[in-house]
Amino acid sequence: MQRVLVINGSPKGNNSNTMQLTNAVLEGIRKADESVNIEQLNVCDMDIKHCVGCMSCWGKTPGKCVINDCMQAVHESFRKADIVILSFPLYFFGMPGAMKVFVDRLMPLMETYRGAVRNIGNDAFHEFRFDTEDKRFVVISSCGYGRTEEIYDSLTKEMNFIFGGGRYYPLYCPQSEMLAIEQLKPQINVYLERYRRIGELLGKGEQISKEDIQAVSEPILPQRAFELLVNNYWNMMTPKKKVYLFGDSLMKAVMPDESGMYHSSDAIGFSDMEEKYHFELSNFAMPTFTTSQILPYMKNIMANKELPDLVLLEGGGNDCDHDWARFASTDGEELINRVSIEQFEENLRTIAEFWKEKGVPCMYVVTPPIDMKQFFRHLQKDEKLSMLKDKFPDVAPMEQEYKDYKAVMYKIIDEYHMKKIDLTNCFDSVDNISSVYSADGMHPNEKGYAMFKEAFEQGFASMEY
Ligand SMILES: Cc1cc2nc3c(=O)[nH]c(=O)nc-3n(C[C@H](O)[C@H](O)[C@H](O)COP(=O)(O)O)c2cc1C
């Protein structure tokens, strides 16, 4: 009658992923040998005292431990077993603590070390005190990582020192949490069948080939599918972060249609990003708003809203823009910014202080320069603004104004140590700036907004809430 000793080192007892694999091996063994005697130890349920390092087991009481606990009987079972199976999850690239306590207490089974030094390679460091020629050792372990290469290197080295490389069968399973997914039953069964087969070979006392061992370590799912599943799982388990966005029409990806009517859109792709980076975006951006409007609007909204985990701020383009109605009514004499640069700075500082006081981190979204020439052509379609081209034959001064407002933005970003999503250079690779702007020269077109996406994604990926 063959004896099998199974040492289960998972704190999850019989619900252990690893034990699913081990049970498949045991099924195989039973199939090959109906009379087999299987003893299973669940180390987490046993009262195993720590090794105290007295080394009596090598000196005063060779082969015997001075601690009188359940391990005395375990040593006996270990000696008698034909097949010893260690079954445990990978914890921090090694065995779990309880299992290590158990293994430390196997010291009495090892030959006394008498000081020799040699090149060990993959050999066992110690010999067992008794003949293990006919014994077979199996190490079954599962891990959450997507593959077993590298991740099992340190454990392999440890097991080689204990048993000797080639003296035990390493059955290491990656993507272990997939074993718990009901919908993957068919794939899991194919996988478990490989473990059953190994069990059968063990039960018959036959050799297990390298190919058989390799097959049990193959990932259950293709890497991409695995990654998606794991990501979705953690997204499901983790509450979504709340992100609030205050800004102007650009953050609503507003574009004019052929008749000049403006519509918001999802051309930046925020919905996809919410899914991918696991946040819930409340987009409070308001078309045409300057910071002088954003500020009271923001305070008003926050009067009865929960604090978010992160605030995205955008704005400034409308502040720097001009009061064109006044320009027209004064026959081109008076041209003032919608919000003066001084007021703009004050507004930004007040906004930054508002969030600082609440302890909510801010990220500033800096938008790229508009297509000024096209913007002017667009404005001049209005007869009342036809004098624009005489007043501003060159758009350079206007472009400089936008740069001055941007400099204020960067100043406040630095002052308040805000992170930023900088879209300024988004269109650098574009030969003709008009190709990424709508007919008004102010709003990017579908293609332009889509070019914001990468910078936003980088920003969201680097978010620390
Ligand atoms: C504390 C802890 C440490 C872990 N360390 C690792 C690790 O280093 N590498 C890995 O791939 N998985 C690691 N995992 C995941 C487990 O190895 C994996 O979920 C395993 O299948 C659990 O097996 P069990 O159900 O038999 O206990 C760790 C899990 C825990 C709880």
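This is a predicted model: local features need pLDDT of at least 70, side-chain atom pairs count only at pLDDT 80 or more; totals for chains, interfaces and linings use all residues.
1. In strand S2, glutamine 40 is the bridge partner of valine 6. Strand S2 is joined to S1 by six bridges, and the two run parallel. Strand S1 spans residues 3-8 and is mostly covered, since five of its six residues are buried.

2. The protein chain is divided into two parts: domain 1 covers 3-230, and domain 2 covers 239-461. The centres of domain 1 and domain 2, taken over C-alpha atoms, are separated by 61 Å.

3. What is the order of the strands in the open sheet that contains S1 and S2? Five strands form this sheet in the order S2-S1-S3-S4-S5, and their pairing is parallel. At the edges stand strand S2 (37-42) and strand S5 (168-173), each of which pairs on one side only. From one strand to the next, the twist averages 15 degrees.

4. Strand S4, made of residues 136-142, runs parallel to S5 and is joined to S5 by six bridges. Within this pair, isoleucine 140 stands opposite leucine 171 of S5. Helix H4 (residues 153-163) packs on the sheet and touches both S4 and S5. The direction of helix H4 makes about 160 degrees with that of S5.

5. Arginine 196 belongs to helix H5, which comprises residues 185-204. Why is arginine 196 classed as buried? Arginine 196 is buried because 20 other C-beta atoms lie within 10 Å, and the class requires 20 or more. Not counting residues up to four places away in sequence, arginine 196 touches Ala24, Glu27 and Gly28. Arginine 196 and glutamate 27 are 169 residues apart in sequence, but 6.2 Å apart in space, C-alpha to C-alpha.

6. A further open sheet consists of five strands in the order S9-S6-S10-S11-S12, again with parallel pairing. Its edge strands are strand S9 (279-283) and strand S12 (419-422), each pairing on one side only. Neighbouring strands of this sheet are turned against each other by 25 degrees on average, direction ignored. Inside the sheet, strand S6 (residues 241-246) and strand S10 (residues 310-314) run parallel and are joined by four bridges. In S10, valine 311 is the bridge partner of tyrosine 244.

7. Finally, the surroundings of the ligand may be described. Which residues come nearest to the ligand? Of the 17 residues around the ligand, the nearest are Ser16, Pro89, Cys143, Tyr145 and Ser176. By class, the shell around the ligand holds eight nonpolar, seven polar and two charged residues.

Conventions
Residues are numbered from 1 along each chain as its sequence is written. A residue is near a molecule or strand if its C-beta atom, placed from the backbone, lies within 6 Å of it. Ala, Val, Leu, Ile, Met, Phe, Trp, Tyr, Cys and Pro count as nonpolar, Asp, Glu, Lys and Arg as charged, and the others, Gly among them, as polar. Domain bounds come from an automatic or database domain assignment. Two strands pair if DSSP finds at least two bridges between them. Axes are lines fitted to C-alpha atoms, for helices over the stretch in contact, and angles run from 0 to 180 degrees between N-to-C directions. Two residues are in contact if their C-beta atoms, placed from the backbone, lie within 7 Å. A residue is buried if 20 or more other C-beta atoms lie within 10 Å of its own, exposed if 12 or fewer, and partly exposed in between; C-beta atoms are placed from the backbone.
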